[in-house]
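Okay, thanks for making time, everyone. Let me put the structure up and then walk you through a few parts of it.

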Amino acid sequence: MANAPYGQAQNVSWNVSAESFASRARMVFAGTLPAEIPGDGPWRMYALGSPPPSRAVEVEFVELPAGLALPDSLQQLGARSAYDRFFDTTVVYFEQRGLIWADFDAPPGLAGDSVRGRIGYMICNDRICLPPTEAAFAEVFRPAAAAWPDRPEFTGPPATPLRGAQQAEPVATPGDRGDLWAFLLLAIGAGFGAFLMPCIYPMIPITVSYFAHNVRASAIRMALVYGLAIVGTFTGLGTLLSLLVSGAGAQSVAANPWVNLFIALAFTAFAFSLLGFFELRLPSGLVNWFGRQGQETGTYVGVLFMGLTLTLVSFSCTVPFVGLLLPSIAAGEWFYGIVGMATFSTTFALPFVAFACFPKALNMLPGSGGWMRVAAVVFGFVELAAALKFLSNADLVWGLGLISRPLAIALWIVIAALAGFYLIGHLRLEADPAAARVSAGRLVLAVCFFGAALYMVPGLFGGRLGRLDAYLPPRSEEAVAWEMGASGVRHHWFTDDVAAAYAEAIALDRPVMIDFTGYTCTNCREMEVNVFERGEVSRSLASDFVLLRLYTDGPKDREFQRFQLNLAGTLALPTYAIMDPFRPDVPLIQLSGVVSSERFAEFLDEGRERFRRPA
């Protein structure tokens, strides 16, 4: 049997062999531990003779052939002895691989008879101990191929794999693909929004006129080089961000409160820049140098430098929109930065290339004017609301309680109302031009902002806000208890306490439903409010399961991340696992991602049925 890699359901890969000789018999149990986690030290399994409170390996023979007596003792190879900081004592343990065997006095004709039993063990590394694990074995004695050896070989794979607990059934969901499409749409929207800004839009005729002096074929080639320079610059930035993120771990970066605080402050700066309080600029010497290179260098090299110059000159307008992609880059895989920036820059550069190829189409564009200032201010209000979301993330992870759900909703209501008043002309900023008539488009957009503000009012008093709840701090326990209490349903969650949850489950003879969640996880809030608290799912959670919630971005982040990875084979959030507390090594069934309440009810039903099936 091939060794099971770390992250699969069975955390130790066991192999068992049983052989009979003339008057002797031997069973050999060889265990291969999971791969070492960098930074957390190697895994160790506590061997025979390891003192409490460490759990030494135990082998129990449940069924033996007639005439075969239990062995007086077990023996082992490969064990070491050292001080263990978890248990504050000297322990005996295996690393990488351990071998245990039992010798029997055998009756004649033993070959072909079967033996059954169980083996229990526990593994730890320098940061975490996994729950004690138990698995069953069943083996048939076969005639030995050689004479009786003094002891078994420590190297080489034994014959037959141990049959452990039931394998979990992972349930695939389309959440990852949906998240990628949403991210790409965000990147396209950010590129288009940056293109409409006052420091970009008026530059189109000036830029296109440069290419119009060349013959058509040459103009198209030069425009393509110009566009590639813009795309290459932004994509290079995305590659750099991806390398930085992947080196620290995407999920750890996205959940880090300092990262969330930095993003909140960046969004606040971008918002005030768009509102006109100040302008973000790169050093003028750097911009001027690139401009001179574009004028003095040869044709295509000059166009390349012109594209780089546009990227630098437009920094004050593009950086707030590039900033919109930062949270998704931090929370996604390494390719998010590259694909996101490539999509953003392609959307941003495409109009310049298109109008250079078809200059007559410039006549179709609306003239630059006050509408661009309005667009910038509206985007500024949106980024101010986004800043509040990431400030709330940092507050939740640190547990400060400064930004409650009602406070966050109140601030969002104020921001939406200010945007609405600005659109209808009842609020003016210092940098705004003279008052003008309100167009129909501005009026419709103002109605949307005022509607959003009114929609959020019930949330001030604990009411649900649908999809918006995913971006807000969790509802208070009092609000949830009051609403669910009216229907006679109460959920009791054990939070970050695995031992207490399993003890409760054993006492009540119920399965454990583990919710691997995060303070900064918007999809987790979506499931908690719009799935867990509704209908059949809510009643099933309350009556049929012991509920355990583990925050993988909280104070015990590394511990619970390792626990989740070993148990479920994924670090995706949210992930749900239904466990048999009497066999805590493998989930009965697991599920990841955002799903409908109907699908989650089916998941709970299947987990409950598997728990009730006889072993």
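I'll go through a strand, a disulfide, a sheet, some salt bridges and some aromatic rings.

Housekeeping: this is a predicted model, where local features need pLDDT of at least 70, side-chain atom pairs count only at pLDDT 80 or more, and totals for chains, interfaces and linings use all residues. Residues are numbered from 1 along each chain as its sequence is written, and side-chain values use heavy atoms, with hydrogens and water left out.

Let's start with strand β16, residues 512-517. Strands here are DSSP E runs of at least two residues, helices are H or I runs of at least four, and both are numbered from the N terminus. Six of the six residues in β16 are buried, so the strand is largely enclosed by the rest of the structure. By buried I mean under 20% relative accessible area; exposed is over 50%, and partly exposed is in between, with a 1.4 Å probe and protein chains only. As you know, side chains in a regular strand alternate between the two faces of the sheet. Here both faces are covered: V512, I514 and F516 are buried on one side, and M513, D515 and T517 are buried on the other.

So who are the neighbours of β16? Strand β17, residues 546-551, runs parallel to β16 and is joined to it by six bridges. Strand β18, residues 575-579, pairs with β16 in the antiparallel sense, over five bridges. Pairing, by the way, takes at least two DSSP bridges between the strands. If you want landmarks, D515 has R549 as its bridge partner in β17, and V512 has M579 in β18.

Now the disulfide; the structure holds one. The cut-off is a pair of cysteine sulfur atoms within 2.5 Å. The cysteines are C521 and C524, with their sulfurs 2.2 Å apart. The link is right-handed, with 80° about the S-S bond, and both cysteines are buried.

Next, the sheet. This is an open one of three strands, in the order β4-β9-β11, with antiparallel pairing. On the edges sit β4 (58-63) and β11 (133-140), each pairing on one side only. Neighbouring strands are turned by 25° against each other on average, direction ignored; the axes are lines fitted to C-alpha atoms, for helices over the stretch in contact, and angles run from 0 to 180 degrees between N-to-C directions. Between β9, residues 114-121, and β11 there are eight bridges, and R116 stands opposite A138 in β11.

R116 brings me to salt bridges. The rule is a side-chain nitrogen of Lys or Arg within 4 Å of a carboxyl oxygen of Asp or Glu, and a search of the whole structure finds 17. R116 pairs with E63, the closest N and O atoms being 3.9 Å apart. E63 is in β4 and R116 in β9, so this pair ties together parts that are 53 residues apart in sequence. Both count as partly exposed, E63 at 37% and R116 at 43%. There's also a network of salt bridges linking E60, R118 and E134.

For a local example, take R539 and E536, at 3.3 Å between the closest N and O atoms. They're three residues apart in helix α16, residues 535-544, so about one helical turn separates them.

Last topic: aromatics. Rings of Phe, Tyr and Trp (its six-membered ring) pair if their centres lie within 6.5 Å; planes under 30 degrees apart count as stacked, over 60 as edge-to-face, and the rest as tilted. That gives 16 aromatic pairs. W493 and F532 are stacked, because their centres are 5.9 Å apart and their planes are at 15°. W493 lies in strand β15 and F532 in helix α15, so the pair ties together parts 39 residues apart in sequence. W493 is buried at 17%, and F532 is buried at 2%. Y519 and Y551 are stacked too, with 4.0 Å centre to centre and 5° between the planes. Y519 is in the loop between β16 and α15, while Y551 is in β17, 32 residues apart.

And R549 comes back here: this arginine lies over the face of W493, at 3.8 Å from the ring centre. The test is NZ of Lys or CZ of Arg within 6 Å of the ring centre and within 35 degrees of the ring normal. Finally, there's one aromatic cluster formed by F29, F61, F104, F137 and F141.

That's my tour, thanks.
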